[in-house]
Amino acid sequence: MRRDVQELERERQETVTEIARLRKALEYEVDASEDEADPDIVEREKNLALLRTLETKLESIDYAIQAARKGTYGICERCGQPIDPARLAALPETTLCVQCKASLERKSRGLVYSRE
């Protein structure tokens, strides 16, 4: 378990560093009130989207660290089965096994499609 927490802490630090870098870059980018067709505006929007994604990832990592400290890290929150170590290596912040994640995504898409 200690190794899991260390790996998550490393991933957390990398994410925090990237968030700080993006925030700093956004301070120096053009004001969004300028011409909408400007390529700098497109780049700013991409950076803002990436920033939101990284902030969500940071929340997930913090949640996974708490799970590791409780001894439940690596166990799927939905079905209770162990999460494949390769999946944890690729997505250390994950709390769902591949099957449960896929099932939730299928259900989510079904809800979206049923509204159209």
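Which residues line the largest pocket? Select Tyr63, Gln66, Ala67, Lys70, Thr72, Tyr73, Gly74, Ile75, Glu77, Ile83, Thr94 and Thr95 to show its lining. On a 1 Å grid over the protein atoms alone, a pocket is an open set of points where a 1.4 Å probe fits, with protein on both sides within 12 Å along at least five of seven lines; lining residues have an atom within 4 Å of a point.

This is a predicted model, in which local features need pLDDT of at least 70 and side-chain atom pairs count only at pLDDT 80 or more, while totals for chains, interfaces and linings use all residues. Residues are numbered from 1 along each chain as its sequence is written, and side-chain values use heavy atoms, with hydrogens and water left out.

Stay with the pocket. The space in it is about 150 Å³, a volume being the space filled by probe spheres set on the grid points, which are joined across faces, edges and corners. Its lining divides into 5 nonpolar, 5 polar and 2 charged residues. Here Ala, Val, Leu, Ile, Met, Phe, Trp, Tyr, Cys and Pro count as nonpolar, Asp, Glu, Lys and Arg as charged, and the others, Gly among them, as polar.

Next, switch to a cartoon view. The protein has 4 helices and 0 strands; helices (H or I, at least four residues) and strands (E, at least two) are DSSP runs, numbered from the N terminus.

Select residues 2-28, which form helix 1. Within helix 1, colour Val5, Leu8, Glu11, Thr15, Ile19, Leu22 and Leu26, its buried residues. Buried means under 20% relative accessible area, exposed over 50%, and partly exposed in between (1.4 Å probe, protein chains only).

From Leu22, go to Leu48: the two are 26 residues apart in sequence and 8.2 Å apart in space, C-alpha to C-alpha. Leu48 belongs to helix 2 (residues 39-70) and is partly exposed, at 22% relative accessibility.

The last stop is Glu93, in the loop between helix 3 (85-90) and helix 4 (98-115). Glu93 is buried, with a relative accessible area of 14%. Leaving out residues up to four places away in sequence, Glu93 touches Leu8, Lys57, Ser60, Ile61 and Ala64, where contact means heavy atoms within 4.5 Å. Draw a C-alpha distance from Glu93 to Lys57: it reads 7.4 Å, across 36 residues of chain.

How values were computed
The expected span of a helix is 1.5 Å times one less than its number of residues.
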